[in-house]
Amino acid sequence: MLLAGALVLTLAALARHGLDRALDIRLALALHGGLTLLLVWWWGLPWWWRIIGLLFAPAVGVGVGAALPGWGWGVGFVVLAGLSWGAVVSRVPLFLSSRSVWVQVEALVPGGPVRVIDLGSGLGGFVIHLAAERPEAAVEGIELAPLAWICGWLRARVTRSSARLRFGDYRRLDFSAYDLAFAFLSPAAMPDLWAQASAGMRAGSLLVSCEFEIPGVPPARRIELPGQRPVLVWTMPGPR
Ligand SMILES: C[S@@+](CC[C@H](N)C(=O)[O-])C[C@H]1O[C@@H](n2cnc3c(N)ncnc32)[C@H](O)[C@@H]1O
């Protein structure tokens, strides 16, 4: 987006000096959207980046032109911060794993009254699904972003799920109680997650990551799903 912004500003400067004309602001915003879309496509980023890239600058233009009351911006800020707090605190944004990932992780959960946790449970989709499919397991989620946590907690109440959704930071959690810990975080979080899991998790328990690797620690198993994010599994050796 910054690169597209720089290109549009360069074009505006060329138009001003070469043609002695100002670039129309609507044309500039549309150009920014188009250029960002091209760059996103060229770099092979996931499809949803194309939508963000295309619409970001035009949406800013519409927002500024809409002359929203001051409190409207405040509400927007609170909603975004309430959903994205994980990105601010631990560089892990909110994005959701798919049902096919949930099914793969569900198949890894040992039988019997085991304890499972989703580290950063987002809107609660995975834990509510797992609690419904595996009623004998105690399923928990922990989430740091207040609004995401409230959504998950309400969903669990409305669906009468046995999943327990707690508000908090997994980095302060004792991992020793869990037979399986599921994480869909970000590359930035993985080295510390591994340190915490290997210091706390019992021998034979499973650490499962959707998509993200742990640098220098190959998984015991890698489940590839066509067109989906891979699921990586580490069998823990016991606390060091
Ligand atoms: C990529 S989302 C995954 C959501 C959900 N687990 C799923 O699979 O759909 C990661 C979530 O982790 C949360 N998060 C990030 N850092 C956290 C932390 N230190 N403690 C608890 N939650 C955290 C974020 O707010 C975000 O909702």
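**Exercise 1. Describe the strand order and the edges of the sheet.**

Step 1. In this predicted model, 7 strands form an open sheet with mixed pairing, in the order S3-S2-S1-S4-S5-S7-S6.

Step 2. Strand S3 (164-167) and strand S6 (221-223) pair on one side only, which makes them the edge strands.

Step 3. On average, neighbouring strands of this sheet are turned by 20° against each other, direction ignored.

Step 4. Leucine 119 has isoleucine 142 in S2 as its bridge partner.

**Exercise 2. Find which residues of helix H5 are buried, and explain why they line one face.**

Step 1. Helix H5 covers residues 99-108, and its buried residues are Val101, Trp102, Gln104 and Val105.

Step 2. Viewed down the axis of H5, these buried residues fall within an arc of 165°, so they line one face of the helix.

Step 3. Arg99 and Ala107, on the other side of H5, are exposed.

Step 4. The buried residues of H5 pack against H6, strand S4 (180-183), strand S5 (206-210), S6 and strand S7 (231-235).

**Exercise 3. Characterise the shell around the ligand.**

Step 1. There are 23 residues around the ligand, and Gly86, Val92, Ser97, Gly120 and Gly122 come nearest.

Step 2. Sorted by kind, the shell has 12 nonpolar, 7 polar and 4 charged residues.

Step 3. At least two residues of the shell come from each of helix H4 (70-90), helix H6 (125-133) and strand S2 (138-143).

How values were computed:
Residues are numbered from 1 along each chain as its sequence is written. This is a predicted model: local features need pLDDT of at least 70, side-chain atom pairs count only at pLDDT 80 or more; totals for chains, interfaces and linings use all residues. A residue is near a molecule or strand if its C-beta atom, placed from the backbone, lies within 6 Å of it. Helices (H or I, at least four residues) and strands (E, at least two) are DSSP runs, numbered from the N terminus. Ala, Val, Leu, Ile, Met, Phe, Trp, Tyr, Cys and Pro count as nonpolar, Asp, Glu, Lys and Arg as charged, and the others, Gly among them, as polar. Two strands pair if DSSP finds at least two bridges between them. Axes are lines fitted to C-alpha atoms, for helices over the stretch in contact, and angles run from 0 to 180 degrees between N-to-C directions. A residue is buried if 20 or more other C-beta atoms lie within 10 Å of its own, exposed if 12 or fewer, and partly exposed in between; C-beta atoms are placed from the backbone. The arc is that of the directions from the helix axis to the C-beta atoms. Two residues are in contact if their C-beta atoms, placed from the backbone, lie within 7 Å.
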